[in-house]
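User: I have a structure to study and would like to go through it step by step. Can we start with how its helices pack?

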Amino acid sequence: MTKPASSAEQPARAQRHARGPAATLHDVAREAGVSLATASRVLNGSERKVAESFRERVEAAAVKLGYTANVSAQATARGTSPVIALLVADIADPYFGLIASGVARGADEHGLVVTIAITERDPAREARIVRALRGQRPLGLILAASRTQEPMEADTARELAEFARLGGRVVAFGPEGEGERHIEIDNRSGAEALGRRMAALGYRSAIAIGAAEGVRTSDDRLAGFRTGFEAAGGTVAAVRRGDFRRESGAAVMTDVLADGVPAGTLVFAISDVLAIGAMSAIRDAGREVGSDIAVCGFDDVPSSRDVSPALTTVRVPLSEVGYQAFRATVDADWEQAPLPLEVVVRASTPGVAP
(Lines give C-alpha, C1' and ligand atoms only; values in the text may rest on other atoms or scores of the structure.)
Protein backbone atom coordinates (compact mmCIF):
# COMPACT_ATOMS: atom_id res chain seq x y z
CA MET A 1 0.00 0.00 0.00
CA THR A 2 1.38 3.41 -0.93
CA LYS A 3 2.05 5.66 2.01
CA PRO A 4 0.23 9.00 1.67
CA ALA A 5 2.46 12.06 1.39
CA SER A 6 2.91 14.03 4.58
CA SER A 7 1.86 17.66 4.78
CA ALA A 8 5.54 18.68 4.64
CA GLU A 9 6.11 16.66 1.46
CA GLN A 10 3.05 17.93 -0.43
CA PRO A 11 4.20 21.55 -1.06
CA ALA A 12 7.59 20.32 -2.25
CA ARG A 13 5.94 17.90 -4.70
CA ALA A 14 3.55 20.58 -5.92
CA GLN A 15 6.50 22.92 -6.50
CA ARG A 16 8.33 20.29 -8.56
CA HIS A 17 5.24 19.65 -10.68
CA ALA A 18 4.72 23.39 -11.16
CA ARG A 19 8.22 23.81 -12.48
CA GLY A 20 7.86 20.94 -14.91
CA PRO A 21 10.68 19.38 -16.90
CA ALA A 22 13.54 21.54 -18.15
CA ALA A 23 13.04 23.11 -21.58
CA THR A 24 14.73 21.29 -24.45
CA LEU A 25 16.16 22.54 -27.71
CA HIS A 26 13.07 21.11 -29.44
CA ASP A 27 10.88 23.29 -27.19
CA VAL A 28 12.87 26.39 -28.11
CA ALA A 29 12.69 25.61 -31.84
CA ARG A 30 8.91 25.07 -31.62
CA GLU A 31 8.41 28.31 -29.65
CA ALA A 32 10.53 30.31 -32.10
CA GLY A 33 8.95 28.70 -35.16
CA VAL A 34 12.28 27.58 -36.62
CA SER A 35 13.89 24.25 -37.41
CA LEU A 36 15.80 22.31 -34.79
CA ALA A 37 19.00 22.83 -36.81
CA THR A 38 18.56 26.62 -36.77
CA ALA A 39 17.92 26.68 -33.03
CA SER A 40 21.02 24.55 -32.49
CA ARG A 41 23.20 26.84 -34.61
CA VAL A 42 22.12 29.86 -32.57
CA LEU A 43 22.35 28.38 -29.08
CA ASN A 44 25.25 25.96 -29.46
CA GLY A 45 27.65 28.41 -31.03
CA SER A 46 27.95 27.04 -34.55
CA GLU A 47 29.98 29.24 -36.90
CA ARG A 48 27.38 28.76 -39.66
CA LYS A 49 25.46 31.94 -40.44
CA VAL A 50 21.90 32.38 -39.21
CA ALA A 51 19.60 35.22 -40.30
CA GLU A 52 19.40 37.93 -37.65
CA SER A 53 15.59 37.71 -37.46
CA PHE A 54 15.83 33.96 -36.73
CA ARG A 55 18.58 34.54 -34.15
CA GLU A 56 16.47 37.09 -32.29
CA ARG A 57 13.46 34.76 -32.25
CA VAL A 58 15.48 31.83 -30.97
CA GLU A 59 17.20 33.84 -28.26
CA ALA A 60 13.86 35.33 -27.14
CA ALA A 61 12.32 31.85 -26.99
CA ALA A 62 15.25 30.54 -24.97
CA VAL A 63 14.84 33.33 -22.42
CA LYS A 64 11.09 32.82 -22.21
CA LEU A 65 11.41 29.06 -21.64
CA GLY A 66 14.45 29.29 -19.35
CA TYR A 67 16.49 27.12 -21.70
CA THR A 68 20.12 26.42 -20.78
CA ALA A 69 22.47 25.36 -23.57
CA ASN A 70 24.07 21.92 -23.36
CA VAL A 71 27.86 22.27 -23.14
CA SER A 72 28.42 18.93 -24.88
CA ALA A 73 26.23 20.06 -27.75
CA GLN A 74 28.17 23.31 -27.95
CA ALA A 75 31.42 21.40 -28.13
CA THR A 76 30.08 19.31 -31.00
CA ALA A 77 28.88 22.38 -32.90
CA ARG A 78 31.99 24.47 -32.36
CA GLY A 79 34.67 21.81 -32.13
CA THR A 80 35.48 23.25 -28.67
CA SER A 81 33.52 24.15 -25.56
CA PRO A 82 33.58 27.63 -23.97
CA VAL A 83 35.83 26.34 -21.19
CA ILE A 84 39.43 26.94 -20.07
CA ALA A 85 40.89 24.05 -18.08
CA LEU A 86 43.41 24.92 -15.36
CA LEU A 87 45.54 22.18 -13.80
CA VAL A 88 47.12 23.00 -10.44
CA ALA A 89 48.97 20.91 -7.90
CA ASP A 90 47.05 22.04 -4.80
CA ILE A 91 44.18 24.52 -4.77
CA ALA A 92 44.67 25.06 -1.01
CA ASP A 93 48.06 26.64 -1.76
CA PRO A 94 47.51 30.42 -2.13
CA TYR A 95 50.12 30.45 -4.92
CA PHE A 96 47.72 28.54 -7.16
CA GLY A 97 44.68 30.38 -5.84
CA LEU A 98 46.13 33.70 -7.01
CA ILE A 99 46.99 32.25 -10.41
CA ALA A 100 43.44 30.90 -10.70
CA SER A 101 42.04 34.36 -9.92
CA GLY A 102 43.96 35.80 -12.88
CA VAL A 103 42.76 33.05 -15.21
CA ALA A 104 39.19 33.61 -14.02
CA ARG A 105 39.46 37.36 -14.68
CA GLY A 106 40.46 36.74 -18.27
CA ALA A 107 37.78 34.12 -18.77
CA ASP A 108 35.11 36.48 -17.44
CA GLU A 109 36.18 39.14 -19.95
CA HIS A 110 35.63 36.63 -22.77
CA GLY A 111 32.44 35.01 -21.47
CA LEU A 112 34.21 31.71 -20.81
CA VAL A 113 34.16 29.30 -17.89
CA VAL A 114 37.18 28.04 -15.94
CA THR A 115 37.32 24.47 -14.71
CA ILE A 116 40.04 23.60 -12.19
CA ALA A 117 41.57 20.15 -11.69
CA ILE A 118 44.07 19.16 -9.00
CA THR A 119 47.01 16.96 -10.02
CA GLU A 120 48.66 16.57 -6.60
CA ARG A 121 51.90 16.43 -8.65
CA ASP A 122 51.03 12.82 -9.52
CA PRO A 123 51.95 12.04 -13.17
CA ALA A 124 49.39 9.22 -13.47
CA ARG A 125 46.64 11.41 -12.04
CA GLU A 126 47.65 14.23 -14.37
CA ALA A 127 47.39 11.95 -17.42
CA ARG A 128 43.91 10.79 -16.34
CA ILE A 129 42.76 14.37 -15.87
CA VAL A 130 44.04 15.47 -19.29
CA ARG A 131 42.33 12.47 -20.90
CA ALA A 132 39.01 13.31 -19.23
CA LEU A 133 39.30 16.99 -20.14
CA ARG A 134 40.15 16.16 -23.73
CA GLY A 135 36.74 14.54 -24.09
CA GLN A 136 35.12 17.81 -23.00
CA ARG A 137 36.99 19.75 -25.72
CA PRO A 138 38.02 22.83 -23.72
CA LEU A 139 39.28 25.79 -25.69
CA GLY A 140 42.59 25.74 -23.83
CA LEU A 141 44.44 23.84 -21.13
CA ILE A 142 46.81 25.56 -18.68
CA LEU A 143 49.38 23.45 -16.82
CA ALA A 144 50.31 25.56 -13.79
CA ALA A 145 51.77 22.91 -11.47
CA SER A 146 55.52 22.90 -10.80
CA ARG A 147 57.24 20.20 -12.81
CA THR A 148 60.43 18.20 -12.46
CA GLN A 149 63.43 18.50 -14.74
CA GLU A 150 62.74 14.99 -16.00
CA PRO A 151 60.88 14.49 -19.30
CA MET A 152 57.10 14.45 -19.03
CA GLU A 153 55.46 11.08 -18.45
CA ALA A 154 54.69 9.40 -21.77
CA ASP A 155 50.96 9.08 -20.98
CA THR A 156 50.56 12.80 -20.25
CA ALA A 157 52.63 13.81 -23.28
CA ARG A 158 50.49 11.60 -25.51
CA GLU A 159 47.23 13.01 -24.12
CA LEU A 160 48.44 16.59 -24.55
CA ALA A 161 49.54 15.92 -28.12
CA GLU A 162 46.12 14.52 -28.94
CA PHE A 163 44.45 17.49 -27.27
CA ALA A 164 46.50 19.87 -29.44
CA ARG A 165 45.79 17.81 -32.55
CA LEU A 166 42.07 18.30 -31.99
CA GLY A 167 42.52 22.07 -31.88
CA GLY A 168 43.03 22.80 -28.18
CA ARG A 169 45.88 25.05 -27.07
CA VAL A 170 48.22 23.94 -24.28
CA VAL A 171 49.90 26.60 -22.14
CA ALA A 172 52.53 25.44 -19.64
CA PHE A 173 54.51 27.10 -16.88
CA GLY A 174 58.26 26.86 -17.40
CA PRO A 175 60.77 27.63 -20.13
CA GLU A 176 60.54 24.47 -22.18
CA GLY A 177 58.94 21.07 -22.66
CA GLU A 178 55.21 20.43 -22.94
CA GLY A 179 52.87 23.02 -24.33
CA GLU A 180 52.59 25.18 -27.40
CA ARG A 181 53.18 28.30 -25.31
CA HIS A 182 55.00 28.91 -22.03
CA ILE A 183 54.67 31.28 -19.09
CA GLU A 184 58.03 32.03 -17.50
CA ILE A 185 58.65 33.42 -14.02
CA ASP A 186 62.29 34.39 -13.50
CA ASN A 187 62.61 32.52 -10.22
CA ARG A 188 66.40 32.38 -10.37
CA SER A 189 67.01 36.12 -10.71
CA GLY A 190 64.33 36.95 -8.12
CA ALA A 191 65.96 34.63 -5.58
CA GLU A 192 69.41 35.97 -6.47
CA ALA A 193 68.25 39.52 -5.72
CA LEU A 194 66.83 38.31 -2.39
CA GLY A 195 70.13 36.61 -1.50
CA ARG A 196 72.11 39.78 -2.19
CA ARG A 197 69.68 41.87 -0.16
CA MET A 198 69.88 39.53 2.82
CA ALA A 199 73.69 39.62 2.75
CA ALA A 200 73.51 43.41 2.61
CA LEU A 201 71.47 43.29 5.84
CA GLY A 202 74.41 41.58 7.52
CA TYR A 203 73.42 37.90 7.38
CA ARG A 204 76.36 35.60 6.77
CA SER A 205 74.99 32.07 7.38
CA ALA A 206 71.80 30.70 5.84
CA ILE A 207 69.85 27.48 5.80
CA ALA A 208 67.65 26.88 2.75
CA ILE A 209 64.44 24.82 2.68
CA GLY A 210 63.25 23.53 -0.69
CA ALA A 211 61.15 20.86 -2.34
CA ALA A 212 62.43 17.57 -3.73
CA GLU A 213 65.49 17.78 -5.90
CA GLY A 214 64.61 18.06 -9.58
CA VAL A 215 61.52 20.27 -9.18
CA ARG A 216 62.22 23.24 -11.46
CA THR A 217 60.74 26.04 -9.39
CA SER A 218 62.47 24.87 -6.21
CA ASP A 219 65.83 24.21 -7.88
CA ASP A 220 65.85 27.60 -9.63
CA ARG A 221 65.04 29.48 -6.45
CA LEU A 222 67.62 27.59 -4.39
CA ALA A 223 70.32 28.11 -7.01
CA GLY A 224 69.50 31.80 -7.41
CA PHE A 225 69.52 32.45 -3.67
CA ARG A 226 72.86 30.69 -3.21
CA THR A 227 74.40 32.66 -6.08
CA GLY A 228 73.26 36.02 -4.74
CA PHE A 229 73.93 35.34 -1.05
CA GLU A 230 77.40 33.87 -1.51
CA ALA A 231 78.44 36.49 -4.07
CA ALA A 232 77.71 39.13 -1.43
CA GLY A 233 79.71 37.41 1.33
CA GLY A 234 77.29 34.90 2.86
CA THR A 235 77.36 31.11 3.04
CA VAL A 236 74.48 28.66 2.56
CA ALA A 237 75.39 26.21 5.30
CA ALA A 238 72.76 23.59 4.44
CA VAL A 239 69.90 22.81 2.09
CA ARG A 240 67.03 20.78 3.55
CA ARG A 241 64.18 19.41 1.44
CA GLY A 242 60.53 18.56 1.95
CA ASP A 243 57.52 19.36 -0.20
CA PHE A 244 55.39 22.47 -0.84
CA ARG A 245 53.04 22.20 2.14
CA ARG A 246 53.14 24.38 5.25
CA GLU A 247 53.38 21.23 7.36
CA SER A 248 56.51 20.25 5.49
CA GLY A 249 58.14 23.60 6.26
CA ALA A 250 57.39 23.11 9.96
CA ALA A 251 58.68 19.51 9.98
CA VAL A 252 61.91 20.36 8.16
CA MET A 253 62.56 23.34 10.44
CA THR A 254 61.92 21.20 13.53
CA ASP A 255 64.64 18.80 12.37
CA VAL A 256 67.00 21.70 11.64
CA LEU A 257 66.45 23.16 15.11
CA ALA A 258 67.21 19.78 16.70
CA ASP A 259 70.69 19.99 15.16
CA GLY A 260 71.25 23.44 16.66
CA VAL A 261 70.81 26.79 14.95
CA PRO A 262 73.00 29.72 16.09
CA ALA A 263 71.36 33.08 16.68
CA GLY A 264 71.66 35.35 13.68
CA THR A 265 71.08 32.52 11.19
CA LEU A 266 68.89 33.26 8.17
CA VAL A 267 66.37 30.69 6.90
CA PHE A 268 65.36 30.95 3.24
CA ALA A 269 62.31 28.93 2.17
CA ILE A 270 61.47 28.60 -1.53
CA SER A 271 57.85 29.64 -0.89
CA ASP A 272 55.98 31.75 1.65
CA VAL A 273 53.91 28.72 2.60
CA LEU A 274 57.04 26.79 3.60
CA ALA A 275 58.46 29.87 5.33
CA ILE A 276 55.32 30.32 7.44
CA GLY A 277 55.54 26.66 8.48
CA ALA A 278 59.19 27.20 9.46
CA MET A 279 58.25 30.27 11.52
CA SER A 280 55.72 28.20 13.44
CA ALA A 281 58.36 25.59 14.28
CA ILE A 282 60.79 28.26 15.44
CA ARG A 283 58.22 29.69 17.84
CA ASP A 284 57.26 26.21 19.07
CA ALA A 285 60.93 25.62 19.94
CA GLY A 286 60.94 28.71 22.13
CA ARG A 287 63.03 30.74 19.69
CA GLU A 288 62.14 34.15 18.29
CA VAL A 289 61.55 34.84 14.61
CA GLY A 290 63.47 37.89 13.47
CA SER A 291 66.02 38.99 16.04
CA ASP A 292 67.05 35.38 16.84
CA ILE A 293 66.44 33.39 13.64
CA ALA A 294 65.53 35.40 10.55
CA VAL A 295 63.19 33.96 7.91
CA CYS A 296 62.45 34.91 4.30
CA GLY A 297 60.28 33.33 1.62
CA PHE A 298 59.14 33.77 -1.97
CA ASP A 299 55.83 34.70 -3.72
CA ASP A 300 54.33 37.36 -1.41
CA VAL A 301 51.03 35.60 -0.86
CA PRO A 302 48.56 37.65 1.25
CA SER A 303 49.25 35.71 4.47
CA SER A 304 52.92 36.74 4.35
CA ARG A 305 51.83 40.25 5.34
CA ASP A 306 49.53 39.02 8.11
CA VAL A 307 51.87 36.72 10.06
CA SER A 308 53.87 38.14 12.96
CA PRO A 309 56.48 39.27 12.31
CA ALA A 310 55.55 40.06 8.70
CA LEU A 311 57.52 37.93 6.25
CA THR A 312 60.31 39.16 3.99
CA THR A 313 59.76 37.74 0.52
CA VAL A 314 59.96 38.18 -3.25
CA ARG A 315 56.79 39.63 -4.70
CA VAL A 316 55.55 37.69 -7.75
CA PRO A 317 52.52 39.18 -9.57
CA LEU A 318 50.70 35.86 -9.42
CA SER A 319 47.28 37.13 -10.47
CA GLU A 320 48.89 38.75 -13.51
CA VAL A 321 50.71 35.47 -14.20
CA GLY A 322 47.33 33.72 -14.34
CA TYR A 323 45.87 36.44 -16.53
CA GLN A 324 48.75 36.14 -19.00
CA ALA A 325 48.32 32.36 -19.04
CA PHE A 326 44.70 32.88 -20.02
CA ARG A 327 45.63 35.37 -22.75
CA ALA A 328 48.10 32.81 -24.11
CA THR A 329 45.19 30.42 -24.70
CA VAL A 330 43.02 32.85 -26.68
CA ASP A 331 45.30 35.42 -28.39
CA ALA A 332 46.67 34.33 -31.76
CA ASP A 333 49.56 36.81 -31.60
CA TRP A 334 50.24 36.52 -27.86
CA GLU A 335 53.65 37.41 -26.45
CA GLN A 336 54.44 37.27 -22.76
CA ALA A 337 54.60 40.68 -21.11
CA PRO A 338 57.25 41.35 -18.43
CA LEU A 339 56.56 39.88 -14.99
CA PRO A 340 58.77 41.97 -12.70
CA LEU A 341 59.75 40.47 -9.34
CA GLU A 342 60.44 42.65 -6.30
CA VAL A 343 62.26 41.96 -3.02
CA VAL A 344 60.08 43.08 -0.10
CA VAL A 345 61.90 43.39 3.24
CA ARG A 346 59.74 43.08 6.35
CA ALA A 347 60.21 42.48 10.07
CA SER A 348 61.14 38.79 9.81
CA THR A 349 64.63 39.89 8.64
CA PRO A 350 65.53 42.94 10.78
CA GLY A 351 69.20 42.67 9.89
CA VAL A 352 72.36 41.89 11.84
CA ALA A 353 74.42 44.70 13.33
CA PRO A 354 78.06 44.81 12.11
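User: At roughly what angle do the axes of helix α6 and helix α14 cross?

Analyst: This is a predicted model. Helix α6 covers residues 94-109, and helix α14 covers residues 318-330. Their axes come within 6 Å. They cross at roughly 45°.

User: Why is α6 called oblique to α14?

Analyst: Angles under 35 degrees count as roughly parallel, and 65 to 115 as roughly perpendicular. The axes of α6 and α14 cross at roughly 45°. That angle therefore makes α6 to α14 oblique.

User: How do the residues of the contact of α6 with α14 divide into nonpolar, polar and charged?

Analyst: Residues in α6, including Tyr95, Leu98 and Arg105, meet residues in α14, including Val321, Tyr323 and Phe326. The residues of this contact comprise 9 nonpolar, 5 polar and 4 charged.

User: Which residues does Met253 touch, not counting residues up to four places away in sequence?

Analyst: Met253 is among the core residues that touch the most other members. Leaving out residues up to four places away in sequence, Met253 touches Ile209, Val261, Val267, Ala278, Ala281 and Ile282.

User: What percentage of the residues of the protein count as buried?

Analyst: The protein's secondary structure comes to 14 helices and 11 strands. Buried means under 20% relative accessible area. Of the protein's 354 residues, the share that counts as buried is 46%.

Key: Residues are numbered from 1 along each chain as its sequence is written. This is a predicted model: local features need pLDDT of at least 70, side-chain atom pairs count only at pLDDT 80 or more; totals for chains, interfaces and linings use all residues. Side-chain values use heavy atoms; hydrogens and water are left out. A nonpolar core is a set of buried Ala, Val, Leu, Ile, Met, Phe, Trp, Tyr and Cys residues joined through side-chain atoms within 4.5 Å. Buried means under 20% relative accessible area, exposed over 50%, partly exposed in between (1.4 Å probe, protein chains only). Contact means heavy atoms within 4.5 Å. Axes are lines fitted to C-alpha atoms, for helices over the stretch in contact, and angles run from 0 to 180 degrees between N-to-C directions. Helices (H or I, at least four residues) and strands (E, at least two) are DSSP runs, numbered from the N terminus. Angles under 35 degrees count as roughly parallel, over 145 as roughly antiparallel, 65 to 115 as roughly perpendicular and the rest as oblique. Ala, Val, Leu, Ile, Met, Phe, Trp, Tyr, Cys and Pro count as nonpolar, Asp, Glu, Lys and Arg as charged, and the others, Gly among them, as polar.
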